[in-house]
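Student: I would like to learn how to read a model like this one. Please take me through it feature by feature.

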Amino acid sequence: MKGSKWFSAILSIFLVSTLVLAACSDNSNGSGNKNNAAAANGSAASGNVSDTAVNSGNDGSDDATAAPAAEPFELTVWSHNVANAMPEANDPTAAQIYDYIQKKMEEKFPGITIKYIDKGWADTLRQAIMVAVMGGNPPDVADGEDFIPEFARIGALLEVPQDVASQLAPGPMKAAMHDGKPYAVAQMTGVFSLVYNKDVMAKVGLDPNTPPKTWDEWLDMSKKATENGKGAYYGTIVQNMGLGGAFRLAPFMRQAGGDFTTADWSAVTFDSPENLKALTFLRELAKTSPPGSTSMTDEGQFFNLLNSGKVAFAVNGPWHIAWGKQMGCTNCGFAPLPVPEDGNTGNVIVGNTLFYALKQSKHPEAALEFLEILASKEYQEMEANATGRLPANMEAGKNAQLLQTYPELQVFNDIVANEESAPLPVYPKNGPQIWEAWYKAQDITLTTDKPIEDALKEAQKTAEEQLK
């Protein structure tokens with residue numbers, strides 16, 4: 001998602017939350033609902049948000065759950081991620097997944113009809129959900145990736161039962177939490193790994209079966225690749241563009257002991273010595289990139305520098321396994337991110353598709369049942385085998401067929417299990433302006449020779465002013 005779009009999306013959630021509170025204060029018939037947090041967008045189901053829940057701070061977790069409807073009814077789901085293809089696409093694999101969900105839902109709700117609607121992704125989906133919530137007629141279930149805590153905070157989501165949430169890895173579920181309670185289920189997830197093109201490594205004199213394990217090894221290999229490549233091959237591409245860049249810088253800041261904020265997200269820590277150390281290393285790494293690559297704004301073209309055999313190393317998530325092969329990276333390897341000599345492992349939750357149920361759902365029990373199915377080992381095995389993506393259900397990640405088809409996924413399973421990972425922070429206020437300040441420092445780091453310390457101090461000053 002491009003940074004500018006993400007800014008407006010964050011801003012909208014704060015603006016609209018005020019409107020939601022006002023709109024919901026006139027409604028007194030609200031019934032409980034569930035929340036799905038898999039993409040940066042939320043969805044809501046028909047019904048009214050209880051003003052008691054929204055205006056008094058009650059999250060609705062103690063609301064009585066409505067009994068299942070005696071007559072057949074329609075459950076509305078806003079998502080194109082449930083089976084990796086909409087029903088009308090007539091994709092055989094997707095059809096099997098839809099059929100599985102339908103049969104499982106019918107066990108408790110005979111005659112139920114599930115209506116899947118593609119409302120887009122990112123800003124488009126978020127705006128559609130917000131408008132629906134304001135109008136009191138949202139979907140029952142929706143997906144998204146970020147800011148589930150924001151929707152939960154305004155009382156728009158149903159709490160997910162602990163026995164359902166506990167099936168999913170703690171890291172992916174961090175993005176689904178508010179006030180210590182889960183409000184979404186992670187359908188699929190991701191963390192970052194080092195991706196290396198073995199063919200390029202061999203051509204520039206590196207051992208293609210020995211990826212770097214430390215920052216020093218990585219930088220040395222990247223310099224060697226660029227020097228030996230003589231303009232045909234390069235070392236490492238370092239992503240700079242907006243949010244995508246921030247995601248990929250975050251693991252190295254965390255490895256060095258830094259981050260964007262304090263652990264509770266209450267204070268910005270842009271100008272920490274630890275962040276300076278990480279960004280100094282990444283600036284040196286970026287000098288081994290193809291000229292102009294750190295200023296590229298098309299993510300597909302950026303990573304195709306690796307896929308097409310132009311560079312040796314990049315940082316990306318598990319979606320690169322299948323996509324990279326389609327784009328020509330048939331001899332690419334995946335490994336844990338290199339770490340500093342005196343640092344620790346660290347990573348960021350990314351590509352984390354979350355599904356949630358809206359408190360305004362007309363069928364809250366069915367909405368929660370839908371989420372329970374998506375959290376299950378059986379469903380996530382089917383979804384992962386169809387897409388090659390990393391399941392959030394850790395038992396599903398051990399599926400033999402999945403690992404036989406996509407053996408590279410084991411690297412990501414190990415990272416999720418063994419490395420400390422968390423989502424990017426959600427700022428208490430003025431998120432778009434704060435991220436804009438960070439992006440400026442990020443760009444200075446990767447595209448200029450200006451002092452990184454000065455750039456971080458300026459970003460810190462701006463961020464602190466926005467949080468006052």
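Student: What share of the contacts in the protein chain with a separation of 6 or more comes from residues 24 or more positions apart?

Tutor: The share is 79%. A contact here means heavy atoms within 4.5 Å. Some ground rules first. This is a predicted model, where local features need pLDDT of at least 70 and side-chain atom pairs count only at pLDDT 80 or more, while totals for chains, interfaces and linings use all residues. Residues are numbered from 1 along each chain as its sequence is written, and side-chain values use heavy atoms, with hydrogens and water left out.

Student: How many helices and strands does the protein chain have?

Tutor: Helices (H or I, at least four residues) and strands (E, at least two) are DSSP runs, numbered from the N terminus. The protein chain has 19 helices and 15 strands.

Student: What percentage of the residues count as buried?

Tutor: Buried means under 20% relative accessible area, exposed over 50%, and partly exposed in between (1.4 Å probe, protein chains only). Of the 468 residues, 59% count as buried. The accessible surface, from the Shrake-Rupley method with a 1.4 Å probe, comes to about 18,100 Å². Carbon and sulfur atoms hold 49% of that surface.

Student: Which residues is Tyr-100 in contact with, leaving aside neighbours within four places in sequence?

Tutor: Tyr-100 sits in helix H3 (residues 92-108). Its contacts beyond those neighbours are Ile-373, Ser-376, Glu-378, Tyr-379 and Met-382. Take Met-382: it is 282 residues from Tyr-100 along the chain, yet their C-alpha atoms are separated by 9.4 Å.

Student: How many salt bridges are there?

Tutor: Side chains of opposite charge can pair when their charged atoms come close. The rule is a side-chain nitrogen of Lys or Arg within 4 Å of a carboxyl oxygen of Asp or Glu. By this rule there are 12.

Student: Which residue forms a salt bridge with Glu-299?

Tutor: Arg-248, with the closest N and O atoms 4.0 Å apart. This pair links distant parts of the chain: Glu-299 is in helix H12 (residues 299-307) and Arg-248 in helix H10 (residues 242-255), 51 residues apart. Glu-299 is partly exposed at 34%, whereas Arg-248 is buried at 7%.

Student: Where do Lys-377 and Glu-381 lie?

Tutor: Both are in helix H15 (residues 377-387), four residues apart, about one turn of the helix. Lys-377 is partly exposed at 32% relative accessibility, while Glu-381 is buried at 14%.

Student: Why are Glu-453 and Lys-457 separated by about one helical turn?

Tutor: Because they are four residues apart in helix H19 (residues 452-467). Glu-453 is partly exposed at 42%, and Lys-457 is partly exposed at 46%.
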